[in-house]
Amino acid sequence: IVVAGYNTNSLSGQRDFAVTRYNTNGSLDTTFNSNGIVSLSIASGMDECRSVMIQTDGKIVVAGFSFDFTTRVFAAVRFNTDGSLDNSFDNDGIVTTAIGSTDDAGYAAAIQSDGKIVVTGYTYGVAKYDFALIRYNTDGSLDSTFDTDGKVTTSIGTAEDLPFALAIQPDGKIIAAGHSQNA
C-alpha cells in the first residue's frame, strides 16, 4: 500500500513531498527507504504531492507542485521500488515544469499504457486560472508530440477553471475533470 502527500519539515517549517509504503498487514514496509517513509524537499518553499501512481515495473511516480516563494510549478518524482530516487527520470528522479510565468500547480496524474506520464492541474493565464496538462516521456522529458511542447492549456469558462481529477481511457484519450466558473 503506497500513500503520498506532504509533511511539514520540522527544521524549515515548509512542506515536503512525502511517500509511505505499508505492508498488507498495515505495518511500515522497511524495505522502502529502510523505514517505510520518504520525505523530499524539491524547492525552498512549499512542495505538495497530490497524486501517486505505480508503474507496471513497480516504480512509484508522484506528482504535485513545488513553490520557491516566487513561482509555483508542476513537479513529478519517480522512486525505485526501494524508495531511492530513480536517476533515469530527468537524471535525478525529479522534474519540475512551468507552464505560465507565476502560478502552476499539478493535482492529478495518470500513466498511459505506453508508460508516458500525464499530469493535470492549473496555470494562471490572462487574469484567471485555466486547465493545464503536461505529458512526460518515460525518461522525464516533455513529450513534444503532445501539442508540440508537451503542454496544453484550456480556458473553459470566463472565470476560474480548476481540474482535480484525471483518467486515461482504453483508447488513449485523456479526460481531465474539475470545475469551471463563469463571472
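The points below cover the basis of the model, one aspartate and the nonpolar cores.

1. The structure is a predicted model, in which local features need pLDDT of at least 70, side-chain atom pairs count only at pLDDT 80 or more, and totals for chains, interfaces and linings use all residues. Residues are numbered from 1 along each chain as its sequence is written, and side-chain values use heavy atoms, with hydrogens and water left out.

2. Asp104 belongs to strand S8, residues 104-111 (strands are DSSP runs of E, at least two residues, numbered from the N terminus). Asp104 counts as buried because its relative accessibility is 0% (buried means under 20% relative accessible area, with a 1.4 Å probe and protein chains only).

3. Leaving aside residues up to four places away in sequence, Asp104 touches several residues, including Phe65, Phe74, Tyr122 and Thr123 (contact means heavy atoms within 4.5 Å). The C-alpha atom of Asp104 is 15 Å from that of Gly178, 74 residues apart along the chain.

4. The largest nonpolar core contains 14 residues, and Phe74, Ile117, Val119 and Tyr136 have the most contacts inside it (such a core is a set of buried Ala, Val, Leu, Ile, Met, Phe, Trp, Tyr and Cys residues joined through side-chain atoms within 4.5 Å). Strands S5 (60-67), S6 (72-79), S9 (117-124) and S10 (129-136) each supply at least two residues of this core; the largest share, three residues, comes from S10.

5. A second, separate core has 12 residues, among them Val19, Val38, Val62 and Phe79.

Terms used
Helix = DSSP H or I, 4+ residues; strand = E, 2+ residues; numbered from the N terminus. Buried < 20%, exposed > 50% of the residue type's maximum accessible area, 1.4 Å probe, protein only.
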